[in-house]
Amino acid sequence: MAALRSLMKPKIVKKRTKKFIWHQSDQYVKIKQNWQKPKGTDNKVRRRFKGQILMSNIGYGSNKKTKYMLPSGFCKFLLHSIKELEVLLMCNKSYYAEISHISSKNHKAIVERAAGHHSH
């Protein structure tokens with residue numbers, strides 16, 4: 001059986017792949033890495049001095065068409081029930097399913113239903 005291909009696979013451009021880290025989080029253990037906007041009056045990062053950490057801003061946002069898209073061209077869809085799978089099977093050229101943490105009975109039913117769809 002041939003692998004499924006996405007309906008459209010535009011070139012995904014990431015403007016920045018590194019995470020934005022909180023100013024001075026690399027120097028102190030007590031400061032977490034998660035980004036926080038600097039608010040100090042004399043802060044070098046907030047004032048955008050040369051050689052400082054870059055601040056996150058709206059310009060780093062992804063293209064609307066490729067946002068949340070995986071390298072394969074599909075978007076992830078989290079399944080919780082068979083009803084959601086039925087909806088997904090109607091548009092299976094742009095989404096791929098990932099089964100959430102559900103009971104083994106429901107998990108098995110979803111897998112069987114999905115396999116039945118591909119056999120036709």
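Guide: Welcome! This is a predicted model, where local features need pLDDT of at least 70, side-chain atom pairs count only at pLDDT 80 or more, and totals for chains, interfaces and linings use all residues. Residues are numbered from 1 along each chain as its sequence is written, and side-chain values use heavy atoms, with hydrogens and water left out.

Visitor: What makes Glu98 and Lys76 a salt bridge?

Guide: The term asks for a side-chain nitrogen of Lys or Arg within 4 Å of a carboxyl oxygen of Asp or Glu. Between Glu98 and Lys76 the N to O distance is 3.5 Å, so the pair meets that cut-off. Glu98 lies in strand E2 (residues 95-99) and Lys76 in strand E1 (residues 75-79), 22 residues apart. Helices (H or I, at least four residues) and strands (E, at least two) are DSSP runs, numbered from the N terminus.

Visitor: How many salt bridges does a search of the whole structure find?

Guide: The search finds 2. Arg113 also forms one with Glu86, with the closest N and O atoms 2.8 Å apart. That pair links helix H2 (residues 104-119) to helix H1, across 27 residues.

Visitor: Why is Arg113 called partly exposed?

Guide: Buried means under 20% relative accessible area, exposed over 50%, and partly exposed in between (1.4 Å probe, protein chains only). Arg113 has 30%, so it counts as partly exposed. Glu86, at 33%, is partly exposed too.

Visitor: What makes up the largest nonpolar core?

Guide: That core holds 5 residues: Leu79, Leu85, Leu88, Leu89 and Ile110. Helix H1 (residues 82-90) gives the largest share, 3 residues. A nonpolar core is a set of buried Ala, Val, Leu, Ile, Met, Phe, Trp, Tyr and Cys residues joined through side-chain atoms within 4.5 Å.

Visitor: How do you know that the buried residues of H1 are on the same side?

Guide: The buried residues of H1 are Leu85, Leu88 and Leu89. They cover an arc of only 100° around the axis, which puts them on the same side of H1. The arc is that of the directions from the helix axis to the C-beta atoms. On the other side of H1, Lys83 and Met90 are exposed.

Visitor: Why do E1 and E2 count as paired?

Guide: Two strands pair if DSSP finds at least two bridges between them. E1 and E2 run parallel and are joined by 5 bridges, so they qualify.
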